[in-house]
Amino acid sequence: MKKLIVIISFILLTKVCYGQNLDQKIEDLLSQMSLTEKIGQMNQYNGFWNFTGPQPISGDSKKKYDQLRKGLVGSMLNVRGTENVKEVQRIAVEESRLGIPLLFGFDVIHGYKTQSPIPLAESASWDIDAIKRSARLAAKEASAAGLNWTFAPMVDISRDSRWGRVMEGAGEDPFLASMIASARVRGFQGSDLSDPNTILACAKHFAGYGYVEAGRDYNTTEISINTLHNVVLPPFKAAANSGVGTFMNSFNDLNGIPSTADKFLQRDILKELWKFKGFVVSDWGSIREMIDHGFASNRSEAGRLAILGGSDMDMESSIYIEKLEELVNSGKISIDYVDDSVRRILRAKFLLGLFDDPYRYIDSDREEKIIGSKEILEGALDIAKKSIVLLKNENNLLPLKKKGQKIALIGPLAADKNSPLGNWSIAADKDSAISVLEALSLGVMRRHKGNDLIYKQGVRLINKVPDGFHEEVSINENDRTGIEEAVIAAKEAEIVIMVLGEYGYQSGEGRSRANLDFPGLQQELLERVREVNKNIILVVMSGRPLILNWADENIPAIVQAWHLGTQSGYAISEVLYGDYNPSGKLTMSFPRSVGQMPLYYARKSTGRPGADGEDQGSVFWSHYQDEKNTPLYPFGYGLSYTKFRYSKITLTDSKMSPDESINAEITITNTGKVKGKEVVQMYIHDRYASATRPIRELKGFQIVELEPRESKTVAFKIDRSLLEFYSGNNRWEAESGDFDIYIGTNSDTKIKAGFVLND
Ligand code: NOJ
């Protein structure tokens with residue numbers, strides 16, 4: 001009865017108070033709000049259980065409930081599941097004076113309960129439609145759990161694999177990452193935010209977080225204006241252009257200013273230049289952290305700087321709720337700032353349809369039906385297969401024969417059902433991934449009966465104490481007891497599959513590494529096994545590029561399998577057996593040495609270039625004495641079970657004026673025996689410019705699928721938009737002159753042509 005009355009009064013309130021169009025509705029509501037209630041909308045609290053960061057305020061649940069009742073909370077994070085969401089929403093809507101519904105945010109980074117591959121892995125599919133679909137399915141599942149906002153996509157470009165959060169991004173390249181940013185925003189938000197299976201997306205971390213010095217998380221960043229515009233900002237701009245509802249700022253300071261207070265970024269660029277209509281949420285406690293940065297001397301000053309800098313919502317610092325009112329009343333902050341932030345937040349709530357029905361995301365039947373459903377699981381498997389990158393396949397060791405083989409499966413991650421879920425799998429059930437052991441055993445039982453499989457862990461995992469919201473294992477560093485029996489098993493087998501790499505939470509937030517080799521005793525295990533059996537297929541699970549030099553020299557087949565999510569084992573098994581022909585391509589260069597960091601293909605030439613392996617005649621060129629400059633595997637690299645031959649490039653013209661376009665065409669032929677997909681990549685180099693340009697930059701790609709002996713010609717249209725950059729004149733422009741164009745199978749392609757852009 002009480003609920004009915006509340007809903008009726010809610011409807012009445014809606015009728016009485018709100019005008020017809022969105023802006024009018026927002027103004028109507030704003031006019032009824034007290035200053036305290038307005039500031040309440042700018043306050044976001046963590047729920048009453050999981051934490052995804054250090055807790056800056058005491059975990060006082062009672063205070064949070066009281067504030068919810070007073071309308072002093074605009075959003076909660078980490079409250080999930082329809083029952084929990086309903087209860088908290090009920091308090092806000094039915095017990096507070098104005099009944100403004102809450103936003104419920106969660107880190108749906110690569111799925112909610114069902115995990116799809118980590119975003120870095122998905123990016124390796126280069127399949128924009130599949131990536132969009134993956135985000136769509138994640139939104140379906142998350143919204144069925146009552147959520148209406150995800151803190152994704154992370155669109156930070158990073159070129160340093162020491163930084164653990166590379167697992168959350170789309171790799172090193174701004175062109176590809178921008179396309180992926182748009183796809184993921186569109187996937188999460190769908191075409192209509194008021195549809196209850198869509199959720200608000202959040203482009204993060206604005207900005208420069210991927211450039212933390214020395215790859216150490218939360219560290220400081222220094223980024224030139226040239227790099228900022230040409231490399232760091234484009235994926236954010238793409239997200240904004242695709243209608244992303246929210247932005248999150250970053251923990252780092254950028255050129256001396258913590259992003260949380262960076263007016264240049266958040267106001268001048270985002271809100272003014274890009275005309276972003278959504279709101280900016282601070283990262284966890286980042287308003288308070290400005291004190292530790294040495295930028296704000298106290299909490300009140302931190303709040304003042306944050307709002308002036310354009311941060312609209314305070315995640316878990318409690319500074320806005322404590323200090324803003326006083327700042328406004330004392331005239332230190334104009335009420336206009338508060339009103340602007342609140343308008344933006346209310347707008348998101350209206351767009352989600354929460355004022356029409358605050359419980360629209362709460363449907364326990366849908367929760368029951370959608371979470372873990374066939375559709376979601378099939379989607380996770382599809383993108384998992386597409387994310388796998390074949391790094392090496394000497395003498396066609398892969399695919400496996402379907403019968404008559406004695407296989408030894410070895411490694412700490414081979415039977416691990418947790419690591420493949422990867423970091424940010426907070427809502428997944430522990431041990432819910434299909435392991436490689438499970439999938440291969442099932443295959444042996446059902447389809448490959450003639451094969452024989454024996455499994456040995458080799459190096460044990462250690463169970464660690466849960467750290468507050470997830471349990472971790474780690475890879476043993478001193479217990480060699482399993483190695484001997486693994487060696488014996490390998491000796492008796494025809495083929496050895498070794499599953500090595502990083503455990504699930506070894507990459508991600510706060511998981512920077514100074515060494516990028518196999519953790520623990522895994523390298524030793526690999527070398528010991530290699531002494532008795534050379535037919536090794538190495539499956540690498542990791543959240544970032546690892547250093548695989550030894551493996552590349554000594555192991556005939558290497559498969560990069562990342563952390564592929566819930567369906568991991570099935571995806572890997574399909575690839576190993578050749579039921580799926582791998583087509584993934586790396587989106588981060590794989591280093592030979594940590595000393596090469598940061599490492600990326602789109603580097604500048606320098607005044608002393610020189611090519612690796614050639615005698616330069618002197619020591620005075622840009623190089624290392626003890627390592628090559630080149631990566632072990634370049635950006636865009638990945639093999640297939642078939643081979644592709646490329647023709648020369650044909651240009652429809654060798655010159656163009658700024659308002660014309662030309663086509664670059666190339667023919668690709670499948671010269672192998674099986675059908676396969678190839679990501680055909682086009683790179684452009686602006687030879688001379690008002691600011692130095694990278695030696696080549698990705699400017700187009702197409703996925704072609706070819707039957708054996710089939711050929712296809714692909715055409716890339718080149719127009720001015722592809723040639724524009726943030727120039728030495730501090731503006732976006734295409735400068736006339738000579739351009740090189742490269743097309744091929746990875747960023748190292750030598751297939752080249754040239755054209756001129758006339759004035
Ligand atoms: C801190 C992380 O940097 C951010 O990406 C995440 O969304 C928040 N914590 C909330 O969990």
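This is a predicted model: local features need pLDDT of at least 70, side-chain atom pairs count only at pLDDT 80 or more; totals for chains, interfaces and linings use all residues.
Trainee: Which residue has its backbone oxygen 2.8 Å from a polar atom of the side chain of His-563?

Mentor: His-563 belongs to the loop between strand 18 (557–560) and helix 22 (568–576), and the residues it touches, not counting those up to four places away in sequence, include Tyr-503, Gly-504 and Glu-502. The backbone oxygen that lies 2.8 Å from a polar atom of the side chain of His-563 is that of Glu-502.

Trainee: Is His-563 buried or exposed?

Mentor: The word buried is kept for residues under 20% relative accessible area. The relative accessibility of His-563 is 0%, and therefore His-563 counts as buried.

Trainee: What is the relative accessible area of Asn-255?

Mentor: Asn-255 sits in the loop between strand 7 (253–254) and strand 8 (257–258). A residue is called exposed over 50% and buried under 20%, with partly exposed in between. Asn-255 is partly exposed because its relative accessible area is 39%.

Trainee: Which residue has its backbone nitrogen reached by the side chain of Asn-255 at 2.8 Å?

Mentor: Leaving aside residues up to four places away in sequence, Asn-255 touches Thr-221, Glu-222 and Ile-223. The backbone nitrogen that the side chain of Asn-255 reaches at 2.8 Å belongs to Ile-223.

Trainee: Which strands stand at the edges of the open sheet?

Mentor: The open sheet is formed by 6 strands with mixed pairing, in the order 11-18-17-16-12-13. A strand with a single partner has one side left without a neighbour in the sheet, so the edges are held by strand 11 (389–393) and strand 13 (452–456).

Trainee: Which residue in strand 13 stands opposite Lys-406?

Mentor: Strand 12, which covers residues 406–410, pairs with strand 13 in the parallel sense over 5 bridges. Within strand 13, the residue opposite Lys-406 is Asp-452.

Trainee: What angle does the direction of helix 22 make with that of strand 17?

Mentor: Helix 19 (residues 483–492) lies across strand 12, strand 13 and strand 16 (495–501), and runs at about 155° to strand 12. Helix 22 also packs on the sheet, where it touches strand 16, strand 17 (536–541) and strand 18. Between the direction of helix 22 and that of strand 17, the angle is about 145°.

Notes:
Residues are numbered from 1 along each chain as its sequence is written. Side-chain values use heavy atoms; hydrogens and water are left out. Helices (H or I, at least four residues) and strands (E, at least two) are DSSP runs, numbered from the N terminus. Buried means under 20% relative accessible area, exposed over 50%, partly exposed in between (1.4 Å probe, protein chains only). A polar contact is a pair of N or O atoms within 3.5 Å; within protein, one must be able to donate a hydrogen and the other to accept it, and residues adjacent in sequence count only if both atoms are side-chain atoms. Contact means heavy atoms within 4.5 Å. Two strands pair if DSSP finds at least two bridges between them. Axes are lines fitted to C-alpha atoms, for helices over the stretch in contact, and angles run from 0 to 180 degrees between N-to-C directions.
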